[in-house]
Amino acid sequence: MTEAQAPRLDADGTLAFPCRWPLKAMLQAEHDSADRRQAVLDVLHALEGAPDLGGVQQRASRNGRYASLTVEVQARSRDHLEQLYAAVRELDGVVMTL
């Protein structure tokens, strides 16, 4: 996400919604498969509508134990953003969301 795409802040310093937000899921490498990545995208699609697939990034950790999947989502509100995080955290193989 470039600075021009960075989320806006309200006058009181809180996020202004709606906004684009990079949701990151950390997967155990043994669970990092196309099916697991697709499960994350499917959950986000169900709650958000079509995620920006051009904004999907995958990366392995330095030691290879974890893999991250970052997806840019359109968050409508803080509650909506929290719903997205909670749904992704419930998936098998997801050890953390950022």
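**Reading the fold and its core**

Q: How many of the residues of the protein count as buried?
A: In this predicted model, 34% of the 98 residues count as buried.

Q: In what order do the elements run from the N terminus on?
A: The order is β-α-β-β-α-β, made up of two helices and four strands. The radius of gyration is 14 Å, close to the 13 Å from the globule rule for 98 residues, so the protein is as compact as a globular protein of that length.

Q: Which residues have the most contacts inside the largest nonpolar core?
A: In soluble globular proteins, nonpolar side chains tend to be buried together. Here the largest nonpolar core has 20 residues, and L23, V40, L44, V71, V88 and V94 have the most contacts inside it. Strand 1 (19-28), helix 1 (34-48), strand 3 (66-75) and helix 2 (78-89) each give two or more residues to this core. Helix 2 gives the most, with five residues.

Q: What is V40 in contact with, leaving aside its neighbours within four places in sequence?
A: V40 is in contact with L69, V88, L91 and V94.

Q: Does A60 count as buried or exposed?
A: A residue counts as exposed when its relative accessibility is over 50%. A60 has 55%, so A60 counts as exposed. A60 lies in strand 2 (residues 52-60). Leaving aside neighbours within four places in sequence, A60 is in contact with Y66 and A67.

Q: How far apart in space are A60 and V88, C-alpha to C-alpha?
A: A60 and V88 are 18 Å apart in space and 28 residues apart in sequence.

Methods: Residues are numbered from 1 along each chain as its sequence is written. This is a predicted model: local features need pLDDT of at least 70, side-chain atom pairs count only at pLDDT 80 or more; totals for chains, interfaces and linings use all residues. Side-chain values use heavy atoms; hydrogens and water are left out. Buried means under 20% relative accessible area, exposed over 50%, partly exposed in between (1.4 Å probe, protein chains only). Contact means heavy atoms within 4.5 Å. A nonpolar core is a set of buried Ala, Val, Leu, Ile, Met, Phe, Trp, Tyr and Cys residues joined through side-chain atoms within 4.5 Å. The radius of gyration is taken over C-alpha atoms; the globule rule is 2.2 Å times the number of residues to the power 0.38.
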